[in-house]
Amino acid sequence: MRDLVDFQEFAVARTTPLFRTAWLMCGDAHTAEDLVQETLAKVYLAWGSRRIDNPAGYAHVTLMRTFVSLRRRRMTSERPIAVIPETSVETRSHSGDVELRIDLMAALDKLSAPDRAVLVARYFDDCTIDVIAAALGKTSAATRRQASRALERLRLVLGPDFALEGELR
Amino acid sequence: MNETDLARVMRDRVHGEPVPVDRIVAGGLARGRRLRRRRATLRIATAGGALASVGAAAAVLVGTLGAHAAPQAPAGPAAQPSNTPVATHHFAVPADQTARTLAALLPAGSTRDLVNQSAGSPSSPPRTLSVDGAQPLHSIVSQASAAHRSGSLLFDDGHGSALIQLSVQAPDLRRTTSPSREDDSSALCQQPGVTCSTVNGGTLITEGPVPEYTGRHVPHGDPVMSSTAIYETDGWSTTVTAYNATAEKDGVVTRTNPPMSTGQLAAIATSPRWLR
């Protein structure tokens with residue numbers, strides 16, 4: 001019973017940051033909610049059976065892995081469409097953050113799941129490359145290359161005016 | 001835009017979004033409980049299988065030693081064997097008759113529409129069956145594996161079509177490192193909504209009706225399920241699950257509760273039609 005109370009306290013405290021990370025990865029609230037629930041379920045499964053030194057970090061890693069895994073599985077169920085919806089690239093205004101946010105989300109949506117996971121973890125959650133690499137089961141060098149490529153793809157989608165300056169930290 | 005801008009835009013984008021914390025936590029906890037139950041259920045089955053293999057090995061060992069020891073045995077009454085061979089079940093239902101047999105055990109006078117009978121591939125082309133004068137059954141009959149039989153069908157008693165699933169599983173003897181059957185069984189039976197009893201030496205576990213995915217965003221409402229599983233002492237198991245919807249996930253919810261009680265499901269799960 002004690003572990004249930006502890007888990008509920010942990011879940012209430014960590015759901016908001018997990019949801020925000022999930023929202024950026026998934027691109028919509030419903031899928032993000034589903035992803036966070038799946039993550040909490042997996043954390044709860046491990047909660048009573050093993051010692052978790054850093055529950056917040058464990059949940060974050062679980063979220064990333066679950067996202068990449070689910071996206072990989074759902075690739076085959078995505079339906080092709082005849083006409084690609086019009087994007088805001090042609091008509092966007094560079095003056096305001098609202099347009100920038102919309103462009104960014106549209107651009108993120110065009111990246112692969114691992115690319116999005118890496119960028120969100122790196123820039124939103126401020127994770128180090130080593131932490132991301134460990135979460136995704138890759139080497140630091142491979143993760144650094146993936147992050148660089150993901151940034152490059154983001155530049156291509158956003159256009160030259162939104163080119164990201166500087167190298168990957 | 002530099003990397004700082006990227007981080008800021010990401011934060012700005014999500015910080016205005018409302019977060020349904022209570023709903024997410026409730027849903028995550030419900031799914032977590034379900035994962036724990038499934039893991040415990042699996043352990044019960046595998047532990048039973050391990051016990052069966054140990055028992056069989058012990059019986060063989062006793063027999064072998066007895067044969068070798070016979071010439072040197074002292075005169076006098078023969079010792080009674082302390083180990084008796086563990087009875088091992090076999091499938092009683094033919095591979096292509098699982099769903100049809102399940103349909104025959106459902107309440108009479110209902111419309112049944114077989115939609116699937118799975119476990120392995122390839123599947124045969126759809127064909128029409130009829131059971132007990134009910135309306136024709138449109139079945140997709142497939143092969144079953146050596147360790148598994150399963151059948152699924154849509155059952156309609158006039159109050160809404162509902163998915164009924166049945167699975168018969170042989171023990172998985174490859175997994176031998178499991179906690180004790182008693183420990184797992186008692187942990188599982190302490191879960192909310194779960195009832196356990198002993199039937200013919202096996203453990204009968206019933207659950208439901210409970211929401212399948214509490215708090216999850218489901219377009220047509222939350223599916224509710226009832227389930228009954230009988231775990232034999234030798235590791236074989238039979239599970240029957242009924243839903244209030246046409247599918248376990250992403251189906252249409254057609255009624256408030258599944259069409260059959262856990263008692264009715266238990267009668268199906270413990271039927272001699274599955275194992276001999």
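## Two chains, one predicted model

Let's start with chain A, where the mean pLDDT is 78 and 74% of the residues reach 70 or more; pLDDT is the predictor's confidence in each residue, from 0 to 100. This is a predicted model, in which local features need pLDDT of at least 70, side-chain atom pairs count only at pLDDT 80 or more, and totals for chains, interfaces and linings use all residues. Residues are numbered from 1 along each chain as its sequence is written, while chains are lettered from A and ligands numbered from 1 in the order in which they are written.

**Confidence in chain A**

Helices (H or I, at least four residues) and strands (E, at least two) are DSSP runs, numbered from the N terminus. Contacts here are pairs of residues whose C-beta atoms, placed from the backbone, lie within 7 Å.

| Part of chain A | pLDDT |
|---|---|
| Helix H2(A), residues 29–47 | mean of 91, the highest |
| Helix H4(A), residues 97–109 | mean of 70, the lowest |
| Residues 75–85 of chain A | under 50 throughout |
| Residues 87–95 of chain A | below 50 |

For residues 75–85 of chain A, the model has 0 contacts beyond four places in sequence. Residues 87–95 of chain A, on the other hand, have 10 contacts beyond near neighbours in sequence.

**Two crossing helices in chain A**

Helix H5(A) (residues 113–124) and helix H7(A) (residues 140–158) have axes that come within 9 Å and cross at roughly 95 degrees. Those axes are lines fitted to C-alpha atoms, for helices over the stretch in contact, with angles running from 0 to 180 degrees between N-to-C directions. H5(A) and H7(A) are therefore roughly perpendicular (the label covers 65 to 115 degrees). H5(A) brings Pro114(A), Asp115(A), Val118(A), Leu119(A) and Arg122(A) to the contact, and H7(A) brings Thr143(A), Gln146(A), Ala147(A), Ala150(A) and Arg153(A).

**A hairpin in chain B**

Over in chain B there are 5 helices and 9 strands. Of its 276 residues, 39% count as buried, meaning 20 or more other C-beta atoms lie within 10 Å of the residue's own, with C-beta atoms placed from the backbone.

Strand E4(B) (residues 148–156) is mostly covered, with 7 of its 9 residues buried. E4(B) runs antiparallel to strand E5(B) (residues 161–169), and 9 bridges join the two; strands pair if DSSP finds at least two bridges between them. Leu153(B) sits opposite Ile164(B) of E5(B). The two strands form a hairpin with 4 residues between them, and Gly158(B) in the turn has a positive phi of about 100 degrees.

Note on methods
A residue is buried if 20 or more other C-beta atoms lie within 10 Å of its own, exposed if 12 or fewer, and partly exposed in between; C-beta atoms are placed from the backbone. Two residues are in contact if their C-beta atoms, placed from the backbone, lie within 7 Å. Angles under 35 degrees count as roughly parallel, over 145 as roughly antiparallel, 65 to 115 as roughly perpendicular and the rest as oblique.
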